[in-house]
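Here are my notes on the model, as numbered points. Please keep the structure open while reading them.

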Amino acid sequence: MVTLGVRRWETLEGSVQGVGKQRNQDWYACQGTGAGTDPLVLAVADGHGSAVHARSALGARFAVDRFLVLADAFGRAAHDCHEPGRLARLMTYARDDFPRALVHEWRQEALGHWDRNRPVVEEASREPGTEEKLVLYGTTLIGAVFTPWLFVAWQIGDGDLAVVEHDGALVRPLAPAEEDLGDETESLCGREAWRAMRMHWAPVFEEARAPRLVVLSTDGLSKSFASADGYREFVSGLAGRLAEEGSAGVREALPDWLAQASRYSGDDTTLAAAVRPAPAPAPAETPTTPGTPGAPEEPVEPGTTQARTPPGPAGGEVDMERTTET
């Protein structure tokens, strides 16, 4: 029996420019509530930023803007996805057609911008090819859409999608089998970028079993830790603080946490999160200092030790199963 899915979500979001960076190459957006016919859409993008990708800040913005439009339309189409057979068709679209449509829309946006903003060059200079133009706008992207019945996410390139499930388990369903080396990553400017896009599919049939927290972040956050364990502790701590204190205090503190992460990673740092509202919490003791995000136990040099931005407090039927596709 299908019961009422999640009725609405709260959101947290913020972005901090990397120390020494001339501009923030990240872009993000949160739109909607996830209730009824108003899907919640989250997206973060990280423009590559090197000289070869000179217009990547714009590329990141184009990626988020186009994702918002397509994901909102998808979320509205998924409003009645609990009807027999409809969920299977939506999953096929999300896996195969959505990535193609998103990459096509992004390419058209980037090429249109190029045509309107051609650099001044000598008359004899060669016209760059299509792929060369697109490289200028190279960016990663992570996006998610939430409806009362469905949570779907897509990712191309680095960055992190972390999900704290209803039972407190933390998963990173779109993490690649092998982490990218150095600064190499998949990109929307790739020749067949849609093939590199990963998808996570998670129907929601009971509010009590929906994720507590879904975090999308650019790699400036995870790179501020010496290992994946530090990042996982941060997300778990964030979930704990939200459960104990609610979103207001966390929202106020988030800019400082992101700023500290950016100081350690040296990179732009962006986070957008969906929080499933919980009943008003009982009064709780003030967390101890080591358990407070943004308060390291001791100073560390980038790239050397454990957590640098410390945590907060400490196959199946397609219409029933959560799946991740690559």
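This is a predicted model: local features need pLDDT of at least 70, side-chain atom pairs count only at pLDDT 80 or more; totals for chains, interfaces and linings use all residues.

1. Two packed helices are described by the angle between their axes and the distance between the axes. For helix 1 and helix 2 the angle is about 150 degrees and the axes are 9 Å apart. Angles over 145 degrees count as roughly antiparallel, so helix 1 is roughly antiparallel to helix 2. The crossing of helix 1 past helix 2 is right-handed.

2. Which residues touch the most other members of the largest nonpolar core? They are Phe67, Phe74, Leu141, Val152, Trp154 and Trp201, in a core of 42 residues. At least two core residues each come from strand 3 (40–46), helix 1 (56–77), helix 2 (86–116), strand 4 (141–147), strand 5 (150–156) and strand 8 (198–203). Helix 2 gives the most, with 11 residues.

3. Phe67 deserves a separate look. Leaving out residues up to four places away in sequence, Phe67 touches Val41, Leu42, Ala43, Asp72, Phe98, Leu102, Leu141, Gly143, Ala144 and Trp154. Another core lies apart from the largest one; this other core has 24 residues, including Val164, Leu221, Val250 and Leu271.

4. Five strands in the order 1-10-9-6-7 form an open sheet with antiparallel pairing. Strand 1 (10–16) and strand 7 (170–171) are at the edges, and each has a single partner strand, so one side of each has no neighbour in the sheet. Strand 6 (residues 160–164) pairs with strand 9 (residues 213–217) over five bridges, in the antiparallel sense. Val164 has Leu213 in strand 9 as its bridge partner.

5. Which helices pack against these strands? Helix 5 (residues 228–245) lies across strand 1, strand 6, strand 7, strand 9 and strand 10 (269–275), and runs at about 135 degrees to strand 9. Helix 6 (residues 247–265) packs on the sheet as well, where it touches strand 1 and strand 10. The direction of helix 6 makes about 30 degrees with that of strand 1.

6. Is Gly168 buried, partly exposed or exposed? Its relative accessible area is 35%, so Gly168 is partly exposed. Gly168 sits in the loop between strand 6 and strand 7. Gly168 and Gly240 are 72 residues apart along the chain, and their C-alpha atoms are separated by 9.3 Å.

Key:
Residues are numbered from 1 along each chain as its sequence is written. Side-chain values use heavy atoms; hydrogens and water are left out. A nonpolar core is a set of buried Ala, Val, Leu, Ile, Met, Phe, Trp, Tyr and Cys residues joined through side-chain atoms within 4.5 Å. Buried means under 20% relative accessible area, exposed over 50%, partly exposed in between (1.4 Å probe, protein chains only). Helices (H or I, at least four residues) and strands (E, at least two) are DSSP runs, numbered from the N terminus. Contact means heavy atoms within 4.5 Å. Two strands pair if DSSP finds at least two bridges between them. Axes are lines fitted to C-alpha atoms, for helices over the stretch in contact, and angles run from 0 to 180 degrees between N-to-C directions. Angles under 35 degrees count as roughly parallel, over 145 as roughly antiparallel, 65 to 115 as roughly perpendicular and the rest as oblique. A crossing is left-handed if the near helix is turned anticlockwise from the far one by less than a right angle, and right-handed if clockwise.
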